[in-house]
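Welcome! Please have a look at the sequence and the 3D structure below, and then we will walk through some of the features together.

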Amino acid sequence: MNWKILNKFGPFLALLFVYVFFALLDAKITTFTALETMLLQTVIVGISAIGMTLVIIAGGIDLAAGSIIALGSVVVALLLESFQFSPLVAALGGIGAGALCGIFNGLLITRLRLVPFIVTLGSLLIVRGVAKGLSGSIPINVGHTPLSNLLAALPADQKWQLLPSGAWLMIILAALIAGMLRYTKLGRHIFAVGSNEQTARLCGVAVERVKLFVYTAAGAFSGISGLMLMSYQEQGDPTGAIGLELDVIAAVVIGGGSLNGGEGSILGSIIGAVIMTVIRTGCQLNGWPPWVTQIVTGLVIVLAVLVDQLRHRQTA
Amino acid sequence: MAERELNQSAETTPRLEMHNISKRFGATIALDGVTFSVLPGEVHALVGENGAGKSTLMKILSGAHQPDEGSMRLEGEAYHPRHPLDARLTGVGMIYQELSLALHLTVEENILLGMEPAKWGWVNRQEVRQRASDAIQRFNHPEIQPQTPVRELSVSARQLVEIGRSLAVGCQVLVLDEPTSSLSREDIRRLFEIVRDLKAQGLSIIYISHFLEEVQEIADRVTVLRDGKTIDTRNVSDVSPDEIVRMMVGREMKDLYPRSPRQQGDVLLTVNQLSGPEKPESASFDLHRGEVLGIFGLVGAGRTELLRTIFGLDELKSGEIKIGAFVGPGVPVEHWQAGMGMLSEDRKEEGLALNLSIADNVTLSRLRDFGPARLVMPQQQNNATNQWIERLNIRCREPQQLINELSGGNQQKAALARLLQHDVDILLLDEPTRGIDVAAKALIYQVIDDIASKQPAKAVLMISSYLPELLGVCDRIAVMHRGQLGEALPTASWDEHKLMLEATGQ
C-alpha cells in the first residue's frame, strides 16, 4: 500500500467505503432525494467545520461552536421577528454575533494567555446562556422567509441550480478558505503557528494576530451555521445544536486534522462531515435505533485517529 | 550582497564584538566580564566545560537574555537585540542543537517563514521557490528539495534547512551550537565543506563544540571560557589540544569530597553488550556493592541514553542487564522492584512531579508502606518524609509543601530522598548536582559516600560532566565518547586532563 496516496485520498476512500457499505445494505441511500437530504444535513456541521479546521491547524480548539450556532440562529430570528429587519441584515447580524464570540475567545487566549480548551469551555456556557437570555429560553418562530430557501429542497422549476443555495455557500466558502490556506501568507502562518509556535515567533510571524484571526473566523463560520439552522427549522432555537461542536471537531479529525496542530485540510473536513451524515442517514434508512448510530459514529472517529497514527508512523 | 566590500575590511574591523559582558541569575554569576569578537570570514570556536557560560553568552548574543553589564557591536554599530527575532533580522542567526523548524511545512515554506514575498497577502509562489532554491543550492544535498516536508528529512538535512533559513534572511553571523553531536561522519564532512564555503563568502561563524578535533579542523581562532570568564583567545594553529584542555579545566580542587573506607562486595549490576537504537553502542560493565562508578563524557556522548536504557526508559536494541536474580530488559516498575532506582538529570520535566507535595514526591515509587490494606495514609507519608527532611537538611515548611516552592538544591535532595526511602540497592544518578549550590552539592557527596560505605552498602552509578566531582567521589571512572563506553579504570589512574582528552576523542 502506498502511504502517500492514502495520505492524500484517505478521507475520500473512507467516504467511498462507508457509502458503498450502506448502498449495499439498502439502495434507498442512492436516490437523488437521499443524496440531497444528506447534503443539506451536512451543511450546518460542514460550514462550522471550515472554521474549526483553521483553529485546529493553528493548534487550538473551539468548544463553543455548538453554542455559537444556537446564538446565531437566535440573533437572526430576533432581528427578523422583533426588529423587522430585512433578511440580509438579519443574516449578517447572526454572522456578526458569531464573529464577536470568536473575538471574545481569541482575545482571552492571546491577551490573557489562557488555554484554548478552558476558554472555549467557558464560552460554551456563556454563549449558550446569552442565546437563552435573548430568546427568553423559548424558540423564536419566524415562519417562511426568503432565508428559508437556503436549506430547502429545490422546487421543480429551479432544478437548474442543482443544489440549494446553502449548499453552494458551503462549497464556495470551503474553496475560498482552502485557497487562502494554500496561497496566502496568512495561510502559511496558520500552519506554522500550529506546527511550531516558537519557530513561528522567531521568524517574525505575528502569532497573536494569527490566533485572533482563526478564532474570529471560527466564530463567524459558526454564525453562518447558525443562520443555516434557523433557515432549516424556520425558528431561532436557543437549545439547538447542543453538543454539535463535537460533531464539528470529529469531522475535522476524520478529515485528517491533528489536535496537536500543524495538520488539517478543508476538503478533508468537509468530507469528514459528509461521512458522519452518511452514517447517520444509512443507519436511519436501515431502521437501526439511534444508539447503534452513535456507536458506529464513535467507532469511525476512533478508527480515523488510528489510521492517522499509523500513517504518521509510516512517514516518520 | 556586500560580500566583497566586507572581505576587504576583513583584517581591520571585527564584524561582531562583545565587550565585558556580565550576567547573573540570582546568586549565580553566569558570565563575568566576557570579551569576545569575530572577524568577517572567520570561523571562531567557543569552547569550555558544561556550565562555563557558553550558552548564556550565546543567549545574550541572540537576544534571548539581556546582559547586566557590557556592550555589543555588530558591523561597528551598537547592537542590543531585545529578542531572538530582533537578532535574526539584524543579522545574527542561531542554529541550535534542538532544531527549530516547523516540521509540517515544506523546505521552502520553512526557509521563507515570516518573510514570504506576497502581494495583498497572496504569496508569490514562484519567488518563494526561487529564493528558497537560491538559499539551498549552495548545499547541493540530494534530500533537500523545495517541496519536501521537513519532517521527511534526516537530521543533517534539517540542519542545513535551518542554516538556509538564516542565509535567506541575510544573516552575516551564524552560531552553530554543537552542530555535529547527532551527525554521522559523512554528514560532518559535508557540513564542514559548507562551513568553509560560507566562510569563503565572508560570513562569520561562531562554532560551539566539545569536540576539539573538530575545532582543530574547522576553526581559525578559539576562545576558551571557564567559570563565566574568558580565559584566552588564540589562533588554532598556535595551540595544541592539550593546551586547550588545560585552559578548560585549570582550576583547583576543593576538599568537598568525603571518602570513607569502602568495602567492595559482590556484583549487583551487570550490563553486557548493551545497545540502544543509536546510543549507547555495546556498553559493558559490572557494578559492585560498596562502589561508586562514574561515567564521564560530553553532552551528546550518550551517557544519559545509557542510563535510560539500563533503567528501561529508552528502547533496548540488544544486550543484557542483570540485577541480582533479575535478568533482561525490563520496564522501570520491574527495576524498582528489583532494587534499582534512578535520579533523572531533568528535575523539572522528569525527576519530580512539580505540582505535588514533597511527601508525595518522596514516597511516589513505593506507596504500599503507608497504611493498612494498601491504603495510603498522608500522616504516615509525612512521617517518613520528615525523617529525610531532617537527614538531608531539606529546607521547607512541612512535608505537604508543594515541591516547586523549594530551591533547586532542596528539590534535588528530595529527588534523591525518593531513592533512599525506596531503599534501593542500586542508585543510578544522572548529573546529581546539576545546577545546585555548593552547600547542597557537599551534602549530596556526603550522602553518596554514606550509602557506598555504611553497611549494608549499596552501589552507585553516577554520570557527571563535572570532573572534580567524579574524581572526588568515584572509585572507578569510565569515559563515554560518541556512544562508546570505555573501560572503567580506578580513579587513581585518571586525572582531569586524561579524562578530557579521552572524552574529546584525542
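This is a predicted model: local features need pLDDT of at least 70, side-chain atom pairs count only at pLDDT 80 or more; totals for chains, interfaces and linings use all residues.

Two strands are said to pair if DSSP finds at least two bridges between them. Strands themselves (E, at least two residues) and helices (H or I, at least four) are DSSP runs, numbered from the N terminus.

Residues are numbered from 1 along each chain as its sequence is written, and chains are lettered from A and ligands numbered from 1 in the order in which they are written.

- Strand β3 (residues 43-47) of chain B runs parallel to strand β11 (residues 221-226) of chain B, and four bridges join them.
- Which residue of β11(B) stands opposite H44(B)? The residue there is R221(B).

**The four-stranded sheet of chain B**

- Another open sheet has the strand order β14-β13-β16-β17 (chain B), and its pairing is antiparallel.
- β14 and β17 (326-327) of chain B each have a single partner strand, so one side of each is left without a neighbour in the sheet.
- Strand β13 (residues 267-275) of chain B is joined by five bridges to the antiparallel strand β14 (residues 283-288) of chain B, and there V271(B) has F285(B) as its bridge partner.
- Five bridges also link β13(B) with strand β16 (residues 318-323) of chain B in the antiparallel sense, with L269(B) opposite I323(B).
- I323(B) also stands opposite F326(B) in β17(B).

**Chain B as a whole**

- Chain B has 18 helices and 23 strands.
- A compact globule of 506 residues would have a radius of gyration near 23 Å, and chain B has 25 Å, which agrees. This radius is taken over C-alpha atoms, and the globule rule is 2.2 Å times the number of residues to the power 0.38.
- Along its principal axes, the C-alpha trace of chain B spans about 75 × 50 × 45 Å.
- Buried residues make up 47% of the 506 residues in chain B; a residue is buried if 20 or more other C-beta atoms, placed from the backbone, lie within 10 Å of its own.

**Where chain B touches chain A**

- In all, 19 residues of chain B are in contact with 20 residues of chain A, contact being C-beta atoms, placed from the backbone, that lie within 7 Å.
- α3(B) gives the most to the side of chain B that touches chain A, with three residues.

**A helix in chain A**

- The 27 residues of helix α9 (residues 207-233) of chain A should span 39 Å at 1.5 Å a residue, and its end C-alpha atoms are 39 Å apart, which agrees. The expected span is 1.5 Å times one less than the number of residues.
- Of the 27 residues of α9(A), 21 are buried, so the helix is largely enclosed by the rest of the structure.

Terms used:
Two residues are in contact if their C-beta atoms, placed from the backbone, lie within 7 Å. A residue is buried if 20 or more other C-beta atoms lie within 10 Å of its own, exposed if 12 or fewer, and partly exposed in between; C-beta atoms are placed from the backbone.
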